[in-house]
Amino acid sequence: MSESVKTRKKFRIRNMSLLVTVLLFIGLFTAGSAAYDRFFSLSTFCNLLNDGSYMIIASIGITFVLLTGGIDISISSTIAFTCVFSAFLLRTGFAAGVVIPLVLLIGLLFGALMGFMIDAYKLQPFIVTLAGQFFMRGLCAVISTESIPITDDFYKKMALNKIIFAGAKIYYYVFIAAVVLIGAMFVLKYTRFGRTVYAVGGNELSASLMGLPVRKTKIMVYSISGFCAALAGVVFSFYTLAGYSLQNVGMEMDAISSAVIGGTLLTGGVGTVIGTTVGVMIQGVIQTIVTYQNLNTWWTKVFSAALLCLFIVIQRILAGRSEKIKDVRGKLEKTA
Amino acid sequence: MSSENMLIQMEHISKSFPGVAALDDVSLELKSGEIHALLGENGAGKSTLIKVLTGVEERDGGSVLLEGVPVFPKSPQDAQKLGISTVYQEVNLCPNLSVAENIYIGREPKKRGSIDWKKINQDSRTLLDRFNLNIDVTKNLDFYSVAVQQMVAIARAVDISAKVLILDEPTSSLSSVEVEKLFEVMHMLKAQGMGILFVTHFLDQVYAVSDTITVLRNGRYVGTYAAAELPKMQLVGKMLGKEYAELDLSSEKEELIGGERECLLEMKQACGPGTISNIDLKIYKGEVLGISGLLGSGRSEIVRLIFGIDHLEQGEISLNSQKLAGKGPLPAIRCGVAFCPENRKTEGIIGDLSIRENIILALQAKKGMLRAISRADAERIADKYIKMLEIKTPSQEQRAKNLSGGNQQKVILARWLATDPQLLMLDEPTRGIDVGTKAEIQKIIVGLAEQGMTVVFISSEIDEMLRCCSRMIVLRDRKKVGELSGKEIAESAVMSLIAGGVKNGENKEAV
């Protein structure tokens with residue numbers, strides 16, 4: 001039983017920044033509840049999940065990339081493309097059962113292609129995915145500059161079907177996000193690929209000297225990111241029942257900031273998808289509070305910005321402190 | 001092939017890089033149950049030999065036999081599969097993963113398709129127990145000191161393949177207690193029949209642990225000796241390229257003009273961060289001071305400290321009786337200190353800039369970014385030094401990376417001379433350049449001192465140190481162990497100090 005005590009202790013130490021994130025979420029939620037009537041309810045919480053599910057999926061995808069120390073800024077365009085292309089195909093008369101697998105495959109392959117270019121030609125992920133962003137956004141406009149409504153029955157069903165639990169509505173697509181989250185957690189913790197993702201982010205050179213498949217892993221994380229973006233696009237089209245070429249501009253930065261608020265280091269190697277999910281929900285809470293306060297929605301950005309700054313400083317301090325502790329320990333050992 | 005317990009036989013290995021023959025007909029034999037020290041100064045070819053053995057570099061010629069079978073490792077993984085593992089000074093593990101995971105990543109035990117964390121943690125505990133290491137294996141690697149990290153790296157290496165273990169300068173960042181522990185582990189592995197190839201710069205450690213010594217010099221094989229039969233002095237001689245018997249005991253150096261010499265720079269009880277400890281040092285105006293010692297003895301660290309690259313932890317450094325700020329190189333440059341670092345390619349030359357631009361860099365920094373040096377001035381300065389130092393180039397617009405090593409070194413020298421320094425510090429200025437240019441640079445150094453400049457000169461080659469220096473301090477294990485001047489400067493004296501002998505009166509260190 002001492003085993004379990006040890007693991008629990010480890011859990012506490014390792015997830016310091018996750019703990020901070022969760023506390024912050026609870027703090028914000030409490031603050032909102034104290035300030036506004038009818039804020040504190042299960043339905044407010046469930047609405048965070050309903051509105052945030054596509055964001056959670058996309059952010060989890062990008063977390064894989066960030067964990068290896070890379071970056072993917074193409075995801076917002078991939079989401080928009082998925083929506084527009086799905087809407088276009090559905091209007092042309094294709095069945096949802098064909099359209100959804102097809103757009104998911106496109107997202108996956110597009111991510112794989114970017115990953116391949118980054119790896120094979122030693123290109124900067126930022127530039128490659130920037131090109132990807134332009135490309136996908138451009139394709140959206142090529143298909144249609146107008147918003148295309150979706151009238152497909154399956155999409156409508158997904159948009160409207162929900163379970164009602166103690167007065168709170170949970171839409172079906174929240175479960176898609178839940179499956180993605182649980183799947184990602186399992187992959188990162190219990191598969192060789194997942195651990196290699198962390199190793200690559202920790203020290204790429206070491207990882208390759210230890211004989212880990214660094215190249216394959218790098219291509220795979222971009223594929224996952226592309227796939228998750230496409231899946232987020234599908235969920236987003238359930239949510240909005242339309243495809244519009246200017247959807248979600250700049251949303252990749254929200255995803256990155258959610259991951260960072262959730263404890264992911266942009267240098268790679270540190271972070272969890274559960275943290276990222278809480279990060280998304282924190283941004284959701286801020287948005288809700290801003291709405292309740294009747295402020296301009298842009299205030300959401302201002303508060304997120306402040307939070308982001310706060311978080312990177314906290315992370316820096318935490319990291320700095322552990323380095324210091326190590327220094328002191330090293331010295332003690334040396335004098336011993 | 002020959003004897004039964006022969007693990008590795010490397011014969012007639014050669015390897016050249018553009019312009020340099022890094023290895024020329026080098027041989028090495030490693031038996032099982034043997035700790036074999038590989039020694040040599042900078043540029044001797046130790047690391048190239050190891051890279052060839054571990055598949056990082058491909059050899060140009062020669063053969064490698066592993067237990068009598070020819071092998072041709074193409075990558076570190078290849079070598080690992082064959083049974084050759086390497087642990088480097090800078091630990092090649094992932095700091096963000098747990099100790100246990102670092103040992104097992106890439107070959108994790110699985111249970112029903114998912115990683116069996118319990119088994120990983122248990123197995124690594126059992127494994128580290130063998131190394132007398134009782135630590136919490138679930139903590140992240142960077143929670144532990146470098147010594148522990150290194151032990152973990154060794155544990156991983158041994159667990160993967162237990163034939164040949166290469167330790168590349170494993171002790172450089174360890175304390176003496178930690179070194180002891182490492183030696184215990186090495187003895188244990190040796191008893192299990194592993195062959196260990198050990199690279200280090202600390203001679204005491206060589207004698208403490210190794211059975212056999214192979215010495216390389218300038219990419220050539222010097223010899224293999226039983227450690228018990230090779231006195232330390234002879235070893236130093238072999239490393240530096242002089243047989244002890246051949247040493248000329250008298251130096252042609254003139255006795256320095258006596259009387260009061262003006263002190264330019266003084267170091268009092270200076271300590272760097274984990275580098276040198278309690279160094280007292282005076283540099284007099286117009287002299288060429290040599291700093292001697294083997295690699296890792298602290299010679300570069302002293303000049304880095306003076307130049308403000310490393311942070312002074314204790315003690316003080318004063319220039320012309322004024323305290324040096326020690327906050328980065330710029331204040332030092334403004335005080336008239338110049339420094340050509342050891343690593344020309346990464347710390348000196350900026351390859352994509354022209355010769356002219358490279359030369360005026362330091363002067364521009366000294367003047368401040370806002371007061372730009374005019375094109376005409378820059379051209380004049382560049383021309384002057386190209387002529388003065390005889391830099392061989394078609395024009396001053398040539399990119400610096402297209403020059404030969406020797407000419408690049410001259411460009412860096414020109415860069416610092418352009419700042420008109422009082423104190424010029426040169427760390428290994430002649431490494432890896434041809435003999436002719438070496439002689440030219442030595443001449444320039446002596447000439448500068450005659451004109452009144454003060455020069456600090458560091459080199460691994462004892463010959464050129466003897467030729468250039470009017471005074472010399474000798475370091476061992478990051479401490480000053482002696483000071484020689486005028487007639488005292490002779491190879492035998494320097495070497496006995498380096499080796500830790502008890503020849504010179506000033507030598508306070510016990511062996």
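**View 1. A pair of neighbouring strands in chain B of this predicted model.** In this predicted model, B:Ser318 stands opposite B:Lys323, a residue of β17(B). The strand β16 of chain B, which covers residues 314-319, pairs with β17(B) in the antiparallel sense, and 2 bridges link them. Both strands belong to an open sheet of 4 strands in chain B, whose order is β14-β13-β16-β17 and whose pairing is antiparallel. The edges of this sheet are formed by β14 (279-284) and β17 (322-323) of chain B, each of which pairs on one side only.

**View 2. The mixed sheet of chain B.** An open sheet of 6 strands in chain B has the order β18-β19-β20-β15-β21-β22, and its pairing is mixed. Its edge strands are β18 (337-340) and β22 of chain B, each pairing on one side only, and from one strand to the next the twist averages 15°. Within this sheet, the strand β15 of chain B (residues 288-292) pairs with β21(B) in the parallel sense over 4 bridges, and B:Gly290 has B:Met472 in β21(B) as its bridge partner. As a general point for reading such a view, the side chains of a regular strand alternate between the two faces of the sheet.

**View 3. The hairpin of β21(B) and β22(B).** The strands β21 (residues 471-476) and β22 (residues 479-485) of chain B run antiparallel and are joined by 6 bridges. In this pairing, B:Leu475 stands opposite B:Lys480 of β22(B). The hairpin has 2 residues between its strands, and B:Asp477 takes a positive phi near 50° there.

View 4. After α17(B) comes B:Gly500, which has a positive phi near 85°.

View 5. Leaving out residues up to four places away in sequence, B:Ser459 touches B:Glu428, B:Thr430, B:Glu464 and B:Met465. One of these contacts spans a stretch of the chain, for B:Ser459 and B:Glu428 are 31 residues apart in sequence, yet 4.7 Å apart in space from C-alpha to C-alpha.

**View 6. B:Phe457 and the largest nonpolar core.** The largest nonpolar core has 236 residues, and A:Ile57, A:Ala58 and B:Phe457 are those that touch the most other members. The helix α11 of chain A, residues 214-240, gives the most to this core, with 15 residues. Not counting residues up to four places away in sequence, B:Phe457 touches B:Val288, B:Leu289, B:Gly290, B:Leu426, B:Ile445, B:Met465, B:Cys468 and B:Cys469.

**View 7. Two packed helices in chain A.** Two packed helices are described by the angle between their axes and the distance between the axes. For α8 (residues 173-190) and α13 (residues 273-292) of chain A, the axes come within 9 Å and cross at roughly 145°. On the α8(A) side, A:Leu181, A:Ala184, A:Met185 and A:Leu188 meet A:Val273, A:Ile274 and A:Thr277 of α13(A). Sorted by class, this contact of α8(A) with α13(A) has 6 nonpolar residues, 1 polar residue and no charged residues.

**View 8. Where chain A touches chain B.** Chain A, which has 14 helices and 4 strands, gives 27 residues to the contact, while chain B gives 21 residues. On the side of chain A that touches chain B, the elements giving two or more residues are α1 (2-14), α9 (192-202), α10 (204-209) and α14 (298-335) of chain A. α9(A) gives the most to this side, with 6 residues. By class, the side of chain A that touches chain B has 10 nonpolar, 9 polar and 8 charged residues.

Note on methods. Residues are numbered from 1 along each chain as its sequence is written. Chains are lettered from A and ligands numbered from 1 in the order in which they are written. This is a predicted model: local features need pLDDT of at least 70, side-chain atom pairs count only at pLDDT 80 or more; totals for chains, interfaces and linings use all residues. Two strands pair if DSSP finds at least two bridges between them. Two residues are in contact if their C-beta atoms, placed from the backbone, lie within 7 Å. Ala, Val, Leu, Ile, Met, Phe, Trp, Tyr, Cys and Pro count as nonpolar, Asp, Glu, Lys and Arg as charged, and the others, Gly among them, as polar. A nonpolar core is a set of buried Ala, Val, Leu, Ile, Met, Phe, Trp, Tyr and Cys residues joined through C-beta atoms within 7 Å. A residue is buried if 20 or more other C-beta atoms lie within 10 Å of its own, exposed if 12 or fewer, and partly exposed in between; C-beta atoms are placed from the backbone. Axes are lines fitted to C-alpha atoms, for helices over the stretch in contact, and angles run from 0 to 180 degrees between N-to-C directions.
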